[in-house]
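Below is a short briefing on one protein chain. Please look through the sequence and the structure before reading the points.

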Amino acid sequence: MSSRETILQRLRNRTGGELVAPASDFSVLERPDWSTEERIERFEKTIESVHGEVHRCTRENWIDRVAEILSARNARNLLIPTQHQIGKDLRAVAERDDLPNLLIYDEPIESWQPALFNDVDAGITSTRGGITETGSLILWPTPDEPRLMSLVPPIHIAILEASKLYTTLYEAMHAQNWKTGMPTNALLISGPSKTADIEQTLAYGVHGPKELIVLVIE
């Protein structure tokens, strides 16, 4: 008798019969069915606990809030996507005096890498959603909104639709049917950049944005 068969026989003797695989049980992944308001409150609390910032907005006033946020920080410019509706909406009001200069990510990184790393003050991106349980944003980098757009500028403004705030990652994956697009390009971020040294001291802004500002569109 082989070693594998010996082990199986011992297990059979202990259980008193044939070995049967247990039924799949995902109850461990289930969470309370929080309302949208409860999800926003919990998400906001978790993000702010790691030095993130959350602002509640509407579709009518989110650009006003962006202008206020950047004006308070004396931002000279804002990097925006070319094709996404966020970028289109901002370009439509580009002449506003309270908005900084709008920069468009519309050329290969090689041609303007020094400017991106040295001269861009803020970037704005969409999100695929948010996770209440962990206070995480789901980013989905694309050629229109590449990872450098949210990684390099000192200030990252992320637009989150309240209707896409999920309780868990498991719920988000099922609601958005990720399995049909595997492997995904999903990226989870929780708060601004932080680097822990050997003494476990957090240093914000060492590798990535110093500030993460989430605008929740209700």
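The charged end of R128 lies over the ring of W140, at 3.9 Å from the ring centre; a charge counts as over a ring if NZ of Lys or CZ of Arg is within 6 Å of the ring centre and within 35 degrees of the ring normal. This is a predicted model, in which local features need pLDDT of at least 70 and side-chain atom pairs count only at pLDDT 80 or more, while totals for chains, interfaces and linings use all residues. Residues are numbered from 1 along each chain as its sequence is written, and side-chain values use heavy atoms, with hydrogens and water left out.

**Aromatic pairs**
- The structure holds two aromatic pairs; rings of Phe, Tyr and Trp (its six-membered ring) pair if their centres lie within 6.5 Å, and planes under 30 degrees apart count as stacked, over 60 as edge-to-face and the rest as tilted.
- Y105 and W112 form an edge-to-face pair, with 5.2 Å centre to centre and 85° between the planes.
- Y105 and W112 are both buried, where buried means under 20% relative accessible area, exposed over 50% and partly exposed in between (1.4 Å probe, protein chains only).
- W140 and W178 have ring centres 5.3 Å apart and planes at 75°, so this pair is edge-to-face.
- The pair links distant parts of the chain, 38 residues apart: W140 is in the loop between β6 (136-139) and α6 (147-151), and W178 is in the loop between α7 (169-175) and β9 (187-189).
- W140 has a relative accessible area of 23% and is therefore partly exposed, whereas W178, at 7%, is buried.

**Helix α2**
- Helix α2 (residues 36-49) has 14 residues and should span 20 Å at 1.5 Å a residue, which agrees with the 20 Å between its end C-alpha atoms; the expected span is 1.5 Å times one less than the number of residues.
- R39, I40, F43 and I47 are buried in α2.
- They cover an arc of only 95° around the axis, which puts them on the same side of α2; the arc is that of the directions from the helix axis to the C-beta atoms.
- K45 and S49, on the other side of α2, are exposed.
- H51 follows α2 and has a positive phi, near 75°.

**The whole chain**
- The chain has seven helices and 12 strands; helices (H or I, at least four residues) and strands (E, at least two) are DSSP runs, numbered from the N terminus.
- Of the 218 residues of the chain, 38% count as buried.
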